[in-house]
Amino acid sequence: QLLHGVGGTPLYTLGTAYIDDSVPNDKTSLYIGIGSGMSVLGPAFGYTLGGQMLDIYIDFDHVSNVELESDDSRWLGAWWIGFILCWLLSWCMIIPLTCFPKHLPGTEKVQSEKISEAHSNIDSFILTHEHFGQSFKDFITV
């Protein structure tokens, strides 16, 4: 669980910020939604795959003299195969993930649009009022 938490933390913190910086405003929510949807479907897929692996005997390479069925109380499923599959898939994803650039193409344009959007309302009362923020009643105007 500790490794899962350490590995998942950058996905939700840095991944969301990377998407927000690299994608136009109208598509950011779509990509963040796809990422969140995959984080919901991933554990569901994992439990399904793990349940299927329990139908395989734990020592599938050794021939047993005793006939065992999966409903026998002495049956042990191959719970460890899922971990090996995840390990292999993770190592297969290293090469494509290392090919990503630090900044996606078009990121500069997207970031300049976001900066101009943030400063487009320069005429507002909050920015032009020189004593704004020095009184408690200024919280009500925000």
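How many disulfides does the structure hold? The structure holds zero disulfides, a disulfide being a pair of cysteine sulfur atoms within 2.5 Å. This is a predicted model, in which local features need pLDDT of at least 70 and side-chain atom pairs count only at pLDDT 80 or more, while totals for chains, interfaces and linings use all residues. Residues are numbered from 1 along each chain as its sequence is written, and side-chain values use heavy atoms, with hydrogens and water left out.

The chain has six helices and zero strands, where helices (H or I, at least four residues) and strands (E, at least two) are DSSP runs numbered from the N terminus. Read along the sequence, the pattern is therefore α-α-α-α-α-α. Of the 142 residues in the chain, 11% are buried, with buried meaning under 20% relative accessible area, exposed over 50%, and partly exposed in between (1.4 Å probe, protein chains only). Among contacts (heavy atoms within 4.5 Å) between residues at least 6 apart in sequence, 41% join residues at least 24 apart.

The largest pocket has a volume of about 2,200 Å³. Of the 45 residues that line this pocket, the closest to its centre are His4, Leu11, Gly42, Cys86 and Ser90. The elements giving two or more residues to the lining are α1 (2-22), α2 (25-53) and α3 (81-98), and α2 gives the most, with 16 residues. A pocket here is an open set of points on a 1 Å grid over the protein atoms alone, where a 1.4 Å probe fits, with protein on both sides within 12 Å along at least five of seven lines; lining residues have an atom within 4 Å of a point. Grid points are joined across faces, edges and corners, and the volume is the space filled by probe spheres set on the points. The lining divides into 28 nonpolar, 17 polar and no charged residues, with Ala, Val, Leu, Ile, Met, Phe, Trp, Tyr, Cys and Pro counted as nonpolar, Asp, Glu, Lys and Arg as charged, and the others, Gly among them, as polar.

| Residue | Relative accessible area | Class |
|---|---|---|
| Ser22 | 10% | buried |
| Cys86 | 47% | partly exposed |
| Cys92 | 54% | exposed |

Ser22 lies in helix α1, and a polar atom of its side chain lies 2.9 Å from the backbone oxygen of Tyr18. Leaving aside neighbours within four places in sequence, Ser22 is in contact with Leu104, Thr107 and Val110.

Terms used
A polar contact is a pair of N or O atoms within 3.5 Å; within protein, one must be able to donate a hydrogen and the other to accept it, and residues adjacent in sequence count only if both atoms are side-chain atoms.
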